[in-house]
Amino acid sequence: MSDLLTSMKRASQRFAGAVADTGAKTMLKTDVVFLERDIKARKQAFGIEIYDILQSNSTATTTASATISASEIQTAYEECQADIQQLENKVNSKRGEMEAIDRSSGVGGVGGSGVNSGGMDDAETPGIPSTP
């Protein structure tokens, strides 16, 4: 009887761990989606900023205004690049956390449904010990 209870407890703990890991990965995936949306929005804002710079300098055709325009564009690009790099670092961090969860739960990360992939055998159902 003791073995039955121990087996049930162990199986339910593995199942609870798998559910917690799946929840954490889902939260991280959501974070990645929002960060990627922010990257896209920053690139779009950069395009609008560059268009405005070029539009304001389109009436003046002197070499001095072209130089000013080029330096404004370069400054805008460097600011945008720094913002995007910061966001991409966050995305990479989140993906690293997802990989760590996969490694800790023994899941390869490909094709795992998360329900029965927490290191359990197919014959082992949480809460129901396998029969000898």
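Author: Gladly! Tyr77 has a relative accessible area of 40%, so Tyr77 is partly exposed. A word on the source: this is a predicted model, where local features need pLDDT of at least 70 and side-chain atom pairs count only at pLDDT 80 or more, while totals for chains, interfaces and linings use all residues. Residues are numbered from 1 along each chain as its sequence is written, and side-chain values use heavy atoms, with hydrogens and water left out.

Reader: How many salt bridges does a search of the whole structure find?

Author: A salt bridge is a side-chain nitrogen of Lys or Arg within 4 Å of a carboxyl oxygen of Asp or Glu. The search finds 5 of them. In one, the closest N and O atoms of Lys25 and Asp102 are 2.7 Å apart. This pair links distant parts of the chain, with Lys25 in helix H1 (residues 2-57) and Asp102 in helix H2 (residues 63-105), 77 residues apart. Helices here are DSSP runs of H or I with at least four residues, numbered from the N terminus.

Reader: Are Lys25 and Asp102 buried or exposed?

Author: Both are buried. Now take another salt bridge, Arg42 with Asp83, whose closest N and O atoms are 2.8 Å apart. Because Arg42 lies in helix H1 and Asp83 in helix H2, the pair ties together parts that are 41 residues apart in sequence. Arg42 is buried, since its relative accessible area is 17%, whereas Asp83, at 31%, is partly exposed.

Reader: Which residues have the most contacts inside the largest nonpolar core?

Author: A nonpolar core is a set of buried Ala, Val, Leu, Ile, Met, Phe, Trp, Tyr and Cys residues joined through side-chain atoms within 4.5 Å. The largest one here has 14 residues, and Ile39, Phe46, Ile50, Ala76 and Val91 have the most contacts inside it. H1 and H2 are the elements that give two or more residues to this core.

Reader: And how do I read an aromatic pair?

Author: Such a pair is described by the distance of the centres and the angle of the planes. Rings of Phe, Tyr and Trp (its six-membered ring) pair if their centres lie within 6.5 Å; planes under 30 degrees apart are stacked, over 60 edge-to-face, and the rest tilted. The structure holds 1 such pair.

Notes
Buried < 20%, exposed > 50% of the residue type's maximum accessible area, 1.4 Å probe, protein only.
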